[in-house]
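The exercises below are to be worked with the sequence and the model open side by side. Each one sets a task and then goes through a solution step by step.

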2 protein chains.
Amino acid sequence: MTLPRRAHPRPLDIQNGRVDLTHGGGGRAMAQLVEELFIAAFDNEALNQRNDQGAFEVPGGRMVMTTDGYVISPLFFPGGDIGSLAVHGTVNDVAMAGAKPISLSAGFIIEEGFPLSDLKRIVTSMAKASKDAGVPVVTGDTKVVEKGKGDGIFITTAGIGIVPPGVEISGDKARPGDAILVSGTMGDHGVAVMSQRESLGFETEILSDSAALHTMVAAMVAAVPGIRVLRDPTRGGLASTLNEIAGQSGVGMLMEEALVPVKPQVLGACELLGLDPLYVANEGKLICICAEEDAPRLLDIMRSHPLGRDAARIGACREDAHHFVQMKTRMGGNRVVDWLAGEQLPRIC
Amino acid sequence: MTLPRRAHPRPLDIQNGRVDLTHGGGGRAMAQLVEELFIAAFDNEALNQRNDQGAFEVPGGRMVMTTDGYVISPLFFPGGDIGSLAVHGTVNDVAMAGAKPISLSAGFIIEEGFPLSDLKRIVTSMAKASKDAGVPVVTGDTKVVEKGKGDGIFITTAGIGIVPPGVEISGDKARPGDAILVSGTMGDHGVAVMSQRESLGFETEILSDSAALHTMVAAMVAAVPGIRVLRDPTRGGLASTLNEIAGQSGVGMLMEEALVPVKPQVLGACELLGLDPLYVANEGKLICICAEEDAPRLLDIMRSHPLGRDAARIGACREDAHHFVQMKTRMGGNRVVDWLAGEQLPRIC
């Protein structure tokens, strides 16, 4: 018999090519996509093994695992894109346990016909975010669905991290009297994304706050291992996240509207759109609940980090059998700040 | 001011309800879906903490992480569904490093309008698979996309596991002279799924082989820590997976058609559809490459496990500068078994 010569395949045509079903089929086309696009961009020891798992050494102890799907529309927005967001969001969910993130996985679900140039741009941005954060994408998966059965690209990342000994941060640890801090202005991400939606015809200079918070968290945890709660107010915004924590911990909360940092441009855009910035998603901010006496130190640490310059104490926890989150308004009254009831901003992250 | 009474929300109407955008919005509707459907089904200590991460203790050492997206169509098939598949597939990818799986994450991307009853059925099946395997789903995420921007439900799972000391299984470790084993019949999963596709009007009694292989792998690794390669032949089937390994290890392979176990019904269905069972996906089978002298022992171990009864030695690795996978046919000739070139079966897993 004559053996066919295995010609080196032509490189992917990144500029004009499109993803097709063969790129998810498990055959040669998928191998080429993975090699030329994903492995080339993410380039790390675990991934370079080219196995169905990434392998790495871990110290023993308490570990956390988290996952998030990213279905944002549009895919590119001022200050980031779905790729950087998928890294930042998952690094942050690991960090919100006080943990040091060690590895990420990335699963791509791509719609047939998606431009390879957009895929390359997203993967490049994701790889940069991962390298900047020092948290490698050690394993991945690519699936392709027929045109009309997806929406460009969805990314699901998972992340793991190691919790330093003695740290026991959890949403059920807030106690009456604890201080409520935020690391910066609320609503930037949601407004930045909305500014790109064609149907919402306004332009703004607001950038998404999308960023990895783990180095700031590491400094906070090192100084105050007894932090009670950390959580990033993403979907549903500050209001929904505080309600989650209040319910988990069985406390009430009182915050002051005048103390919640919101950029004037964000406030303006929200007024235009009939939105409340307390319910708009953030992707580079955290809520920290701590003993009142630890608040000044934690605020100092946050404010000395580039991602926490606008950190503020916005209120305190208190006894309340109903676990209400209330807000002292600028007008001087109190109002209940409930969970997000409907869906004000679909697919914002 | 008068505080609103927080009425207990009505339970989800699983029987008639449908997923809507609020279920992915980060507010009360999402919290209810997560509580009544996901936490109720998966019910484990880490998930019950209701944090954005699941926490658990790990021993130190070598760890692996893996991820897979499941975009299968149809969602329910003989022998399983997207939920059980998402657990089995990821447990298996962890096990293929010889590792003991410890935790899973699950990210759901659901199309608006998806019946809650189907979601419940899928989550229940997923929870059962996870409990049967002894590998908890410790964290999850739910996103909802508008009708027409998805296809019912996509699930992306990630998994982590600990590699026993001394085990160094990897796709680049096959050597000339090594034996190639498979744990059972090839092609069952793909044919079972195809039998459910309306456009392919044939019925068959073939069940998917979808199953978690980690207990069988644990026994194999305990007996022969020096196993060179383990890999599950999913997308692209046996042929593509062997080509992957041959390329990674820089070896050729020769297998014998007569030794590759294929169920007669699967062979019949493949003939009807013009498919080659060597390229059809499996979800409960593994390929094991080992030193020739270890083969009999590993075959014994596999055959004494319920999931390995049809295990067989199908060939051996050899020197080949081209890294060809060849097959001695029933007719006595040799043919090159190449990678899957196109996409014979979109969305089979």
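**Exercise 1. Charged pairs between the chains**

How many salt bridges does the rule find across the interface of chain B and chain A? Work out the count, and then locate individual pairs in this predicted model.

*Solution.* Step 1: apply the cut-off, by which a side-chain nitrogen of Lys or Arg must lie within 4 Å of a carboxyl oxygen of Asp or Glu. Step 2: search across the interface of chain B and chain A, where the rule finds 12 salt bridges, while a search of the whole structure, over all chains, gives 34. Step 3: inspect one pair, Glu146(A) and Arg347(B), whose side chains meet in a salt bridge with an N to O distance of 2.7 Å. This pair crosses between chains, with Glu146(A) in the loop between β6 (137-145) and β7 (153-163) of chain A, and Arg347(B) in the segment after β14 (334-336) of chain B. Step 4: turn to Arg235(B), which forms a salt bridge with Asp141(A), the closest N and O atoms being 2.8 Å apart. As background, side chains of opposite charge can pair when their charged atoms come close.

**Exercise 2. The make-up of the interface**

Describe the contact between chain B and chain A by residues, by buried area and by class.

*Solution.* Step 1: list the residues in contact, which gives 88 residues of chain B against 88 residues of chain A. Step 2: take the buried area, which is about 7,200 Å² between chain B and chain A, with 54% of it on carbon and sulfur atoms. Step 3: look for polar contacts, of which the rule finds 40 residue pairs across this interface, counting pairs with both residues at pLDDT 80 or more. Step 4: ask which element of chain B gives the most to the side that touches chain A; strand β2 (residues 61-70) does, with nine residues.

**Exercise 3. A strand pairing across the chains**

Do strand β1 of chain A and β2(B) run parallel or antiparallel?

*Solution.* Step 1: follow strand β1 (residues 54-58) of chain A, which five bridges join to β2(B), and the two run antiparallel. Step 2: pick out one bridge, in which Val58(A) has Gly61(B) as its partner in β2(B). Step 3: consult the record, where an unreviewed UniProt entry annotates residues 52-163 of chain A as "domain: PurM-like N-terminal". That span is 29% helix and 46% strand, and its end C-alpha atoms lie 26 Å apart.

**Exercise 4. Backbone details**

*Solution.* Step 3: His323(B), although not a glycine, has a positive phi of about 60°, and lies in the loop between β12 (312-318) and β13 (325-328) of chain B.

Key: Residues are numbered from 1 along each chain as its sequence is written. Chains are lettered from A and ligands numbered from 1 in the order in which they are written. This is a predicted model: local features need pLDDT of at least 70, side-chain atom pairs count only at pLDDT 80 or more; totals for chains, interfaces and linings use all residues. Side-chain values use heavy atoms; hydrogens and water are left out. Contact means heavy atoms within 4.5 Å. Buried area is the accessible area (1.4 Å probe) that two parts lose on being put together, summed over both. A polar contact is a pair of N or O atoms within 3.5 Å; within protein, one must be able to donate a hydrogen and the other to accept it, and residues adjacent in sequence count only if both atoms are side-chain atoms. Helices (H or I, at least four residues) and strands (E, at least two) are DSSP runs, numbered from the N terminus. Two strands pair if DSSP finds at least two bridges between them. UniProt positions are given in the numbering used here, feature names are shortened, and annotations may be inferred rather than shown by experiment.
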